[in-house]
Amino acid sequence: MRLEKPIIRMPTLVGEQWLGVERPLQKPDWWGRVVLIDFWEYSCINCQRTWPYLRIWQQRYGERGLLIIGVHTPEFAFGKLLAEVAAAAGRAGLSYPILLDEEGRNWDRFAVKAWPTKFLVDPAGYIRYKQQGEGGYQAFELGIQTLLRERGDTRLMPDLLGPQRPEDKSGAVCYRATPELYAGYERGLFGTAVGNPEGYVPNETVLYGLTTVGALEKHRFYLEGFWQVGAEGVVFKGREGRVLVSYEAAGVNMVASPAADMVALRLGLTGGVAAEVAGEGVSRRIEVKLDGEWLVPAVAGRDIVFDEEGRSWVELKRPGMVELVADDRFGAHLLELIWTTPEAILYTFSFTSCMKE
């Protein structure tokens, strides 16, 4: 592992909303320290997989001169809500300073292209290493240790951190899974993620017709019932509807929210952190089937709930990601989501394919 030459200086961070600190951090706060800048988004599954490493690096090197700064650049509108980001960081155990990059100004300053992206900055303020996406954890930690030594730390460094997830271990196998499916018309694979013949009708409520299982194409999703297609996602507008996804993967995650109205979420009228604080308990129940049957515990994601009759469902209490399927085998399946309450919004489906052999 080789660090880059000290040529490019770290851009100045801009923004006034911070978590985990009493005041916005300024250049004197990080000057002379080794800085890890982590661009992330709390509903991003790829970001979530890096959290165990960030937590341990904070514990190992925080008192030795490493400063981790998380920069939360939202992918969806709910990611601009301070209370939601704070709650997500708390659930994840992220105790370092976090800057809310609501308008993506820091994202642009650092020329970031994907979540997550990490930068390693030396005490003189030069960017010395960059990691885009998951992986490369030992190389990145070796870079941390190298810069700490350059800073003057002569104490013994710990052994490099081993894999923190089974999928990160040697021998793990990754298959080609269904790509992420965005429900909104802006990023819905240029209008082809939805498989219904009605297609996308931007910002209009459309009655999507019944689709026979035999007519479903792989790697697409299908709507049934009344749905309003927005730029970021699709909002359910009926009394009962369905979402069908023909996919190839081991696991399935969904990003959704109990409400598309950000003002209502901020005020706690339709779910989210504000509603929980007020004791409203607003949620949206979505029933989940796999290949025409209710889920069984062996393949159910961590957010699945079972009732006394064995029905499987997920409860949307707040905007974010929920894990629907967590199989240990890769295969082709049909996911069916039954929606019975209006105004909940679907943003995206992501699929996992890496597993320990």
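Which residue of β17 is the bridge partner of Ala256? In the predicted model, that partner is Gly320. Local features of this model require pLDDT of at least 70 and side-chain atom pairs count only at pLDDT 80 or more, whereas totals for chains, interfaces and linings use all residues. Residues are numbered from 1 along each chain as its sequence is written, and side-chain values use heavy atoms, with hydrogens and water left out.

Strand β12 spans residues 241–257; helices (H or I, at least four residues) and strands (E, at least two) are DSSP runs numbered from the N terminus. Of the 17 residues in β12, 16 are buried (under 20% relative accessible area, with exposed over 50% and partly exposed in between; 1.4 Å probe, protein chains only). β12 is joined to β17 (residues 320–339) in the antiparallel sense by 15 bridges, pairing being assigned where DSSP finds at least two bridges between two strands. Antiparallel pairing also links β12 to β18 (residues 345–352) over 7 bridges, with Val252 partnered by Phe351 of β18. Between β10 (residues 220–229) and β12 there are 5 antiparallel bridges, and Tyr222 has Leu244 of β12 as its partner.

Both β12 and β17 are among the elements that each supply at least two residues to the lining of the largest pocket, and β17 gives the largest share, 5 residues. This lining comprises 17 nonpolar, 9 polar and 10 charged residues (Ala, Val, Leu, Ile, Met, Phe, Trp, Tyr, Cys and Pro count as nonpolar, Asp, Glu, Lys and Arg as charged, and the others, Gly among them, as polar).
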